[in-house]
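Subject: A structure for you to look at

Hi there,

Here is the structure I promised to pass on. Have a look at it first, and then read my notes below.

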Amino acid sequence: MYSEDIEKICRLCEYSKTAKGVDGYILCVKDGGYYKLDHTCAVFKYDIFKKQIRRKKEFSTSFTAEDFKL
């Protein structure tokens, strides 16, 4: 269903939660430990909703309808 080249890191895992006041670490609800965002373990399960999506940039133009008239 998903690409095989996904990064298997804790930041994208279904079992990870962000913790308040702790930057750079994730709480694993499976075993209760704190791990770095790029840590990998055997219980990894991919969560598509945790992947950050790059949005398309919106272009700002000053064209009017008259610019396109022949």
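Let's start with the sheet: an open one of 3 strands, ordered β1-β2-β3, with antiparallel pairing. Its edge strands, each pairing on one side only, are β1 (16-18) and β3 (34-36). From one strand to the next, the twist averages 45 degrees.

A few words on terms and the model. This is a predicted model, in which local features need pLDDT of at least 70 and side-chain atom pairs count only at pLDDT 80 or more, while totals for chains, interfaces and linings use all residues. Residues are numbered from 1 along each chain as its sequence is written, and side-chain values use heavy atoms, leaving out hydrogens and water. Strands are DSSP runs of E, at least two residues long, numbered from the N terminus, and two of them pair if DSSP finds at least two bridges between them.

Strand β2 (residues 25-28) runs antiparallel to β3, and 3 bridges join them. If you find L27, its bridge partner in β3 is Y34.

Now the cysteines. How many disulfides (pairs of cysteine sulfur atoms within 2.5 Å) does a search of the whole structure find? The search finds 0. For C10, the closest cysteine sulfur is in C41, 4.9 Å away, which is too far for a bond. C10 is buried (under 20% relative accessible area), at 8%.

Happy exploring!

Technical notes: Helices (H or I, at least four residues) and strands (E, at least two) are DSSP runs, numbered from the N terminus. Axes are lines fitted to C-alpha atoms, for helices over the stretch in contact, and angles run from 0 to 180 degrees between N-to-C directions. A disulfide is a pair of cysteine sulfur atoms within 2.5 Å. Buried means under 20% relative accessible area, exposed over 50%, partly exposed in between (1.4 Å probe, protein chains only).
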